[in-house]
Amino acid sequence: LCRLYPDIRVVGLEPFEAAMAEGRKVVAAAKLGDRITLRAEALEQLEERDAYDGAYIAQMFFPDHVVADGIARVLHSLKPGAYLVTASVYEEGSGLPAALGRFQSALWGGGTRTAEKVAELMKSAGFVEVMVPKVPSGPRPVLGRKAR
């Protein structure tokens, strides 16, 4: 996004040191250190209010006990009218894509949250206009807006 939009600024939260070290290398190599801030903290530590124009949560990596609170924290951190974008790899069903999605979700620690379940969590947190667009395959996006 920073390459596409020259005015965008990004804040990334990463509690794991190995991933943080890799992130710092990537940001430095891209020469985007003046626009990308990486903070060594977990989603559960997010405290800002009305601070961000948009957010992305890789919820498929979070255990169940973190997700609902994390989504609520992101809602509070967004400016009115801003969007949260996430996705789900978990699918119900008997086909190979569904089985692979469940396997990925288990490997990544994301539990059994379908896109529809994530949408319900977002609605429960207070997001409006929550949608799960249809996609032909792969992760299913979930979007929701903070009310104005």
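A pocket here is an open set of points on a 1 Å grid over the protein atoms alone, with protein on both sides within 12 Å along at least five of seven lines. A lining residue has an atom within 4 Å of a point. Volume is the space filled by probe spheres set on the points, which are joined across faces, edges and corners.

Now the model. It is predicted, with local features needing pLDDT of at least 70 and side-chain atom pairs 80 or more, while totals for linings use all residues. Residues are numbered from 1 along each chain, and side-chain values use heavy atoms, without hydrogens or water.

Start with the largest pocket. About 1,600 Å³ of space lies in it. It is lined by 42 residues. Closest to its centre are Val10, Val11, Gly12, Leu13 and Tyr56. Which elements give two or more residues to this lining? Strands E1 (10-13), E2 (36-39), E3 (52-56) and E4 (78-88), plus helices H1 (17-29) and H2. Helices and strands are DSSP runs: H or I of at least four residues, E of at least two. By class, the lining has 32 nonpolar, four polar and six charged residues. Nonpolar covers Ala, Val, Leu, Ile, Met, Phe, Trp, Tyr, Cys and Pro; charged is Asp, Glu, Lys and Arg; the others, Gly among them, are polar.

Next, the second largest pocket. About 200 Å³ of space lies there. Among its 13 lining residues, Glu91, Pro97, Ser137, Gly138 and Pro139 are closest to the centre. Helix H3 (96-108) gives the most, with four residues. The lining has six nonpolar, four polar and three charged residues.

Last, a helix pair. H2 (64-77) and H4 (115-125) have axes that come within 9 Å and cross at roughly 50 degrees. Axes are lines fitted to C-alpha atoms over the stretch in contact, with angles from 0 to 180 degrees between N-to-C directions. H2 supplies Val67, Ala68, Ile71, Ala72 and Leu75 to the contact (heavy atoms within 4.5 Å). H4 supplies Leu121, Met122 and Ala125. The contact residues divide into eight nonpolar, no polar and no charged.

Conventions:
On a 1 Å grid over the protein atoms alone, a cavity is a set of points where a 1.4 Å probe fits but cannot get out, and a pocket is an open set with protein on both sides within 12 Å along at least five of seven lines; lining residues have an atom within 4 Å of a point.
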